[in-house]
Every structure is written in C-alpha cells, then in structure tokens.
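Subject: Structure handover

Hello,

Here is the structure I promised to pass on. Please look through it first, then read my notes below.

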Amino acid sequence: MARLRSNPKLPEGINRSDEHPLKEFAWLLAGVSLALVGAVVILSLLVGWLAPAIPFRWELALTDRYEQSLSGAANESRTSQLEAAEQAVKDLGASLVATQQAEAALLPEDQDIRYHFHLLSESTPNAFATLGGHIFVTTGLLRQVHSENALAMVMAHEMAHITQRHPVQALSRGALFQLLLLMVTGGQGMHGVSGVLGQAGLLTVLSFNREMERDADREAIDLLLARYGHLQGADEFFQKMLALQGDTGWAQWAQTHPGVGERLSAIERRNPVGTGEKPQLTPLDARLVRWQEADAIDSEATGHRENAASQLPLL
Amino acid sequence: MEALIQLGVFVTLLLCGYFFGRHAERKHYKSIFQREDELRHVVVTAERMPEPELMRHRFNLVSGSVVISVDYFKVVSAGLRSLVGGRLSSYESLLDRARREALLRMQAEAEAQGAEMVINTKFETSRVSGNAGQGLGSMEVLAYGTALIPPSVAG
C-alpha cells in the first residue's frame, strides 16, 4: 500500500454548521423570552389575586420589629420645626383616613389596615408606601408643595397603595420572579442567560408596577374628590416633575411609573368642570409653612440647597 | 431608567461580542484554509507505527497548542440553547477552529524540522481555570504527535 503523500482536503460543514448564528439566536431568544414572560404574567396575575388575601396582620408582624429602631434613629438631631411638620403630616394623614372611613366605597377590604405617616429628612422629593401601612414623605417633597391639596394628592396616592395591598404584591412578585429565574438558570454561573431572562422578566414586572400606580392614582383622585370636592392643585407636584424631568414618552415601557403626562391627564379628566369660578385651594398647615420658611433661611445661610434639577422626584 | 441602562449595557456587550467574534471567525477560517493548503505536504495521521519504508527516519515530538476564549454573544447563545437542548453550534465552530489551528501549529513545527510526516497524532483539551463556571470561559486545545524526519535532513 502506497503511503499518503499529502493530506486530503476534507469536506467542510461536518464539525460545524453553516447556519447564520443570528438566526439561531433570534429563535432561541424569542422562544425562551416568550415562555418566561408568559410565566411571569401568569405568576403576577396570581399574585395580584392572592397577595391581597394575605392578612394585614402578617405584614405588621414583619414590620413591627423594625418600627422601634426606625423611630429611635429618626429622632436624633431633629429641630422642633421638623417635629411640628411631621405632626402636621400625620394630622393631614389622619384627616384623609377619616374621609376614607366616611366613604364606604373607599374602605379597604381588610379591616386591620392602619396607616402610619412619617416625615423623612431627605432632599430628594419623594413619597413611598411600604409593608405594614407605613407611608413616608420626604422633606424634599415638602419643599416643592404650596397647597394642602398637592400634599394630600401625594399622600392619598400612597394610602391607595396600602389599601390595595400593593407593597405585599410587589414583594411577592419580586420574590417569585427571582425564584423562577433561579430555577430556570439553575443558579449556576449562567450570567449571560440570567441577564437576558432577567431583562425580559423585569420589563414584564414593570408593566404590572405601572398598572398599580394607575390604580393608586385613580383611588387617590376618588379620595380627594370626597374630601375637597374638586381636584384643583392636586396636580401641582406632577407639574413639577414634568418640568424637572420631562415626560418619559417612548421609554415608558422600561419605567416603574406611568409617564407624568399620562398621570396629569388622568387628573385633568376627573376634575369636575367648574361653573366659571375656580375652587379655592386649601392652604398648607401653618406648621408646614413655618418649617418651609425655616428651611429656606437655613439653606440660604449654609448654602446647602442642592440644585433642584439634580434630584429627580420618584414618587 | 435603571432598567433601560441595564438593557443598554447588555445589548452593547452582545453586539460587541457578535461583531468582533464574527469578524475574528471569518478571518481565522480564511487563514486556516490557506495554511492547510500550504502544509498539505506534512502528512498527519493517527497511525501508531511508521510505515516500513520510513523505519530509518528520525523521530521527534511535535506539538501545537491553542488557547481560545468564547465571546459574550456565544455565551448567551449557548446559554439559551442549553435551556432547550440541542447542538451548541456557537461553540462548535469555535472548537473546530481551535482544533484545526492546533494541528496547523503542530504541522508548522514539524515542517520547521524538515519532517515529511507526523504519526500517532493525539488531541488533548483542558479548561484554563481561574474563571471556571463564572464569566467567559477559555480552554486549551493541544495536538501532539511524532514527527518523522528523513535521514537526509541534517539534525
């Protein structure tokens, strides 16, 4: 047998496929993301249905442990004006709750629900509601409002989150989503994949989040109408947000909140058309005005007032 | 906004991986085809014993080694594939290149010594550790064999 004098030329395409890598990638990405988004949608719907059935008392059991440390830490280095302002916020909250109690349609399903209002020393204009019925308003937000109506709108919005049990829903949704992601990727170093799937799932969760914000706005409007009979001034804070950060527009699908423009027009639509005369705005509580004045002097003296544009409101 | 930034970073990494990886692969295959033609006269077999007519040749160990790394696009693509199963074609082409490059380097080493043939060719591969299971993986492909050098070549 004659020995080989030259290596033969082997045919290509046996050990590798000539298929375009993007084609395979597109199919995989579409299929897997669709499956995950479907799973997240189903889980989120289940959460929306089941989470409100979690007794409010269980939330309290979780938060009561932190409450002491919270109030303890918050009390240091507070001026009397700030204390008074917090009391004013609590009083406004209490009167909103009283309005809510008077309207059967606005009452929460769970009778155990209690609201606790807090004032946070934080320059970013923001307000949020968390587990256990705790509602936080930042001093940065107080700086931005000039009527009780505007502050009441923000607080009623946060109260609606609590009434509709949104914090516990968000918690359940987040936990389930993480669990699902962990199950699919096996919790190993599949960084790329959990990256893709994380994105797909996150965007789905965000759309549920925006829906919750719309619901909360709707209920806040109901509460404000019950209390003041009009929505004048309710949009003050949203107008500020619009001026500061603009409308999100096209990027809305990646946001936690609906666009400011959309929220403003929701308020506009529900505002009863007056008979020519504009309804009077309710002035801010005197304690809040005093705090605002003291704060303005204080920040002028120390030059500590940050550039407002650098702190985008979150709400 | 945060979600958007995350998505942007991810897509950028993916696109970088795709375009650079694709470009490198095209270029590499072109060079592989060309060098395979050039080195066709250095015959490579897996035969364990030399042919009787080559018994008087000198023999030498020759080897070729390549370390390769996957790109981000291939990782994501393979990761998605591993959820549903099937051929990991994004890795297949990468390893095909590594294997052939290792052979070519071995052939080049044999040719430099004046060999006409490499017998008893074997492959080995090992993972380059340090990033095992995390981030982008890299591995070594090693080809080695016995080069047969004609007695006429001085050495």
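Helix H3 (residues 89-112) of chain B lies across S1, S2, S3 and S4 of chain B, and runs at about 150° to S2(B). A few terms first. Helices (H or I, at least four residues) and strands (E, at least two) are DSSP runs, numbered from the N terminus. Axes are lines fitted to C-alpha atoms, for helices over the stretch in contact, and angles run from 0 to 180 degrees between N-to-C directions. Contact means heavy atoms within 4.5 Å.

This is a predicted model, in which local features need pLDDT of at least 70 and side-chain atom pairs count only at pLDDT 80 or more, while totals for chains, interfaces and linings use all residues. Residues are numbered from 1 along each chain as its sequence is written, chains are lettered from A and ligands numbered from 1 in the order in which they are written, and side-chain values use heavy atoms, with hydrogens and water left out.

The sheet in chain B

The sheet of chain B is open and has four strands. Their order is S1-S3-S4-S2, with mixed pairing. (Two strands pair if DSSP finds at least two bridges between them.) S1 and strand S2 (58-69) of chain B are the edge strands, and each pairs on one side only.

S1 (residues 43-44) and S3 (residues 117-127) of chain B run parallel, joined by two bridges. Val43(B) has Met117(B) as its bridge partner in S3(B). S3(B) and S4 (residues 138-149) of chain B run antiparallel, with nine bridges. In S4(B), Ala143(B) is the bridge partner of Phe123(B), and Ala147(B) is that of Val118(B).

The sheet in chain A

Chain A has an open sheet of three strands in the order S1-S3-S2, again with mixed pairing. Strand S1 (116-120) and strand S2 (127-130) of chain A stand at the edges with a single partner strand each, so one side of each has no neighbour in the sheet. The twist averages 20° from one strand to the next.

Five bridges join S1(A) to S3 (residues 134-138) of chain A, and these two run parallel. His116(A) stands opposite His134(A) in S3(A). H5(A) packs on this sheet and touches S1, S2 and S3 of chain A. Its direction makes about 20° with that of S2(A).

Helix packing

H1 (residues 21-50) of chain A packs against H2 (residues 72-84) of chain B at an angle of about 50°, with the axes 10 Å apart. That makes H1(A) oblique to H2(B) (under 35 degrees is roughly parallel, over 145 roughly antiparallel, 65 to 115 roughly perpendicular, and the rest oblique). Residues in the contact include Phe25(A) and Leu29(A) of H1(A), and Phe73(B) and Leu80(B) of H2(B).

H1(A) also meets H6(A): their axes come within 10 Å and cross at roughly 150°. The two helices are therefore roughly antiparallel. Among the residues that meet are Leu36(A) and Leu43(A) in H1(A), and Leu176(A) and Phe177(A) in H6(A).

One loop residue

Gln164(A) lies in the loop between helix H5 (148-163) and helix H6 (166-185) of chain A. Its side chain makes a polar contact with the side chain of Glu219(A) at 2.5 Å. (A polar contact is a pair of N or O atoms within 3.5 Å; within protein, one must be able to donate a hydrogen and the other to accept it, and residues adjacent in sequence count only if both atoms are side-chain atoms.)

Best wishes
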